[in-house]
Amino acid sequence: MHRHDQQMLSSLALLCVFLMVALFASNSVELSAGLRRRSEALPKSADEVAAEYARLAASSEQLIAASPVKSNAVTSLDELPTSADEKATHTEDSAVASKENQVSLEQQSSPEEPITAQQEPTAEQPPQAEAAQQETSVTEDSAVASKENQVSLEQQSSPEEPITAQQEPTAEQPPQAEAAQQETSVTTSQLQAVASAVEETEGELQMIGILSKLHQDMCSDDWANAPPLPYERCNATGIVNGIPLFGGLTNALKLILLGAIGSFEENRCFFVDESNSKLNPEDENGVKHGFLHKYMEPIGLPLDHPIVVKAQEEYRTKTLVWMESWQDMSARRAAGQYSNIPNLGVTEVEGHNLKRNLIRRLWRPLPKYRKSSCSAMEKTHGLKPGDYMAFSVRRGDKTEEDYSYTPLHLYIIEAEKHLHRFGSYAKNRVVPKIFVATDDCSVLSEFRKMRPTWKFTSECDIEENSKAAGKNGFALADVKDWGEDAEDAHFTKFFTEIYSMTMARVFIGVSYTNISWWVYFLRLFRHSFILLDKPEGEPDSYIYDNW
């Protein structure tokens with residue numbers, strides 16, 4: 001080939017390269033502008049997010065009339081199967097794929113007005129963020145290394161943190177082509193990061209708005225949007241169920257909730273039987289004073305109610321053994337199990353949604369403990385709904401049930417996988433506050449040794465809790481030895497922990513404590529509920545779908 005021809009081919013190659021760069025730059029500007037417009041359109045406050053969520057819920061074609069108690073309650077957001085096949089093969093993926101059919105209850109108190117269905121605002125990560133999370137290793141260094149889905153354009157352009165590995169030029173590449181390739185690589189990475197950040201921000205803002213609304217309801221004087229269950233709406237002349245207060249508090253409440261649902265389904269009245277509960281020991285004079293009434297509003301009919309008294313006189317009472325509410329998956333109201341309860345206006349409502357929307361109507365803490373819990377969250381720990389993580393660490397008597405304690409370093413490893421979800425970390429590498437709920441306060445010092453720069457906060461740090469019983473590991477058998485002050489301090493601490501775990505953006509805990517069960521149904525999101533003791537390779541839903 002002549003030298004003249006070679007020069008012409010080189011010139012044509014350069015021209016093609018410059019044309020491609022110009023075209024890409026034009027498209028990049030347009031895409032960037034589009035992303036900017038989308039970002040500007042996102043809700044800017046929790047109130048706006050809650051309003052938008054309410055608008056979406058109200059417009060759903062699947063909404064049907066709810067309770068005569070009109071409310072704007074935030075309702076359940078579980079992903080639900082909708083067909084017989086989907087019910088039989090209920091998985092996390094199929095649940096996420098069927099959002100439009102998510103069923104939810106609002107507070108219902110009459111059989112004439114059935115339960116509602118509504119859509120969940122998407123809080124899943126976009127593909128880029130999800131892929132980056134999966135690829136992120138379990139160390140702090142590797143968490144910092146996954147910049148492309150976690151930091152802003154400004155941070156990504158930092159000379160200390162290169163955006164992408166540049167490809168070495170080949171012998172055939174002219175200098176201009178090499179420069180164009182490097183510029184293109186940087187621009188693509190930046191735009192992908194912006195797209196990921198926009199998607200993530202939208203979902204996280206929606207989540208914060210909903211958690212803020214739930215916090216507002218649970219801190220209100222009237223326990224807003226969760227009216228008491230209609231305990232007197234039952235067959236007064238039929239069998240009356242007695243539901244034992246069995247086990248620790250959250251285990252007992254779980255079985256009471258399931259027993260209450262079953263009783264309403266059978267149109268039976270019920271009462272709670274505390275006579276044999278370890279939470280209700282005898283005093284020094286051999287007298288039992290009851291337990292539940294000290295901490296929460298009445299559940300079921302009181303023992304001196306005429307319906308209960310007459311049923312006992314006529315031997316029409318039946319004790320519900322805990323296995324009746326737990327062994328059978330339909331009685332347990334597990335995921336994918338559907339119920340019809342005319343007494344509550346429930347028609348074909350999925351089990352998890354049923355429990356999630358009845359739990360606050362049954363568990364109604366006394367105002368004293370609502371106020372102490374909300375005050376501790378805000379003033380003592382500085383926790384804002386959705387702005388922190390929560391760890392649940394259960395020790396104490398769980399080894400007696402053949403459980404092994406989950407190693408504490410696994411909490412740190414899991415937490416690092418979720419740091420990118422917080423703006424403080426994405427922008428400034430500031431790790432969010434972590435609330436630690438535990439019955440063994442010694443774990444705090446261990447966490448702080450592992451990550452000295454992280455900010456852990458806990459009820460264990462509060463001086464007033466130094467007299468709380470069970471702070472070195474809860475054991476049900478020890479309750480009989482507690483004094484009144486120690487018991488009150490224990491459950492004051494416990495209620496604050498329940499509140500704080502419920503309002504966290506990310507919950508990390510274990511399945512072998514009923515506290516996780518209770519918090520799961522108080523919370524509104526599955527995707528941010530992490531169980532460390534699930535079988536290797538299985539999703540979290542492998543465990544909680546059977547709850």
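**Overall architecture, sheet, cores and disulfides of the predicted model**

The accessible surface of the protein comes to about 25300 Å², and 53% of this surface belongs to carbon and sulfur atoms. Accessible areas come from the Shrake-Rupley method with a 1.4 Å probe; for residues, only the protein chains shown count as cover. The model is predicted: local features need pLDDT of at least 70, side-chain atom pairs count only at pLDDT 80 or more, and totals for chains, interfaces and linings use all residues. Residues are numbered from 1 along each chain as its sequence is written, and side-chain values use heavy atoms, with hydrogens and water left out.

Of the 547 residues of the protein, 52% count as buried. Buried means under 20% relative accessible area, exposed means over 50%, and partly exposed lies in between (1.4 Å probe, protein chains only). The protein has 20 helices and 10 strands. Both are DSSP runs numbered from the N terminus, helices (H or I) of at least four residues and strands (E) of at least two. Contact means heavy atoms within 4.5 Å. Among contacts between residues at least 6 apart in sequence, 72% join residues at least 24 apart.

Five strands form an open sheet in the order E8-E7-E6-E9-E10, with parallel pairing. Strand E8 (456-457) and strand E10 (529-531) stand at the edges; each has a single partner strand, so one side of each is left without a neighbour in the sheet. Two strands pair if DSSP finds at least two bridges between them. Strand E9 (residues 506-509) and E10 run parallel and are joined by three bridges. Ile508 has Ile530 in E10 as its bridge partner.

Helices lie across this sheet. Helix H15 (residues 409-416) lies across strand E6 (389-393), E8, E9 and E10, and runs at about 160° to E6. Helix H18 (residues 484-502) lies across E6, strand E7 (434-438) and E9, and runs at about 135° to E7. Axes are lines fitted to C-alpha atoms, for helices over the stretch in contact, and angles run from 0 to 180 degrees between N-to-C directions.

The largest nonpolar core has 77 residues. Such a core is a set of buried Ala, Val, Leu, Ile, Met, Phe, Trp, Tyr and Cys residues joined through side-chain atoms within 4.5 Å. Leu249, Leu292, Met296, Ile299, Trp363, Ile498 and Trp547 have the most contacts inside the largest core. Helix H9 (residues 249-265) gives the largest share of this core, nine residues. Leaving aside neighbours within four places in sequence, Ile498 is in contact with Trp363, Ile515, Trp518, Val519 and Leu522. A second, separate core has 25 residues, including Met389, Val393, Leu408 and Leu419.

The structure holds three disulfides. A disulfide is a pair of cysteine sulfur atoms within 2.5 Å. With the bonded cysteines numbered in sequence order, the pairing is 1-4, 2-3, 5-6. Cys219 is joined to Cys374 (S to S 1.9 Å). This link of Cys219 and Cys374 is left-handed, with -95° about the S-S bond. Cys219 lies in the loop between helix H8 (175-218) and strand E1 (235-244) and Cys374 in helix H14 (residues 367-380), so the pair ties together parts that are 155 residues apart in sequence. Cys219 is partly exposed, at 23% relative accessible area, whereas Cys374 counts as buried at 9%.

Cys234 is joined to Cys269 (S to S 1.9 Å). The link of Cys234 and Cys269 is right-handed, with 90° about the S-S bond. Cys234 sits in the loop between H8 and E1, and Cys269 in strand E2 (residues 268-273), 35 residues apart. Both Cys234 and Cys269 are buried. The remaining disulfide joins Cys441 to Cys460 (S to S 2.1 Å). The torsion about the S-S bond of Cys441 and Cys460 is about -75°, so this disulfide is left-handed. Cys441 lies in the loop between E7 and helix H17 (443-450) and Cys460 in the loop between E8 and H18, so the pair ties together parts that are 19 residues apart in sequence.

Most residues other than glycine have a negative phi. Asn225, in the loop between H8 and E1, has a positive phi near 65°. Asn225 counts as buried, at 14% relative accessibility. Asn267, in the loop between H9 and E2, has a positive phi of about 60°. Asn267 is partly exposed, with a relative accessible area of 32%.
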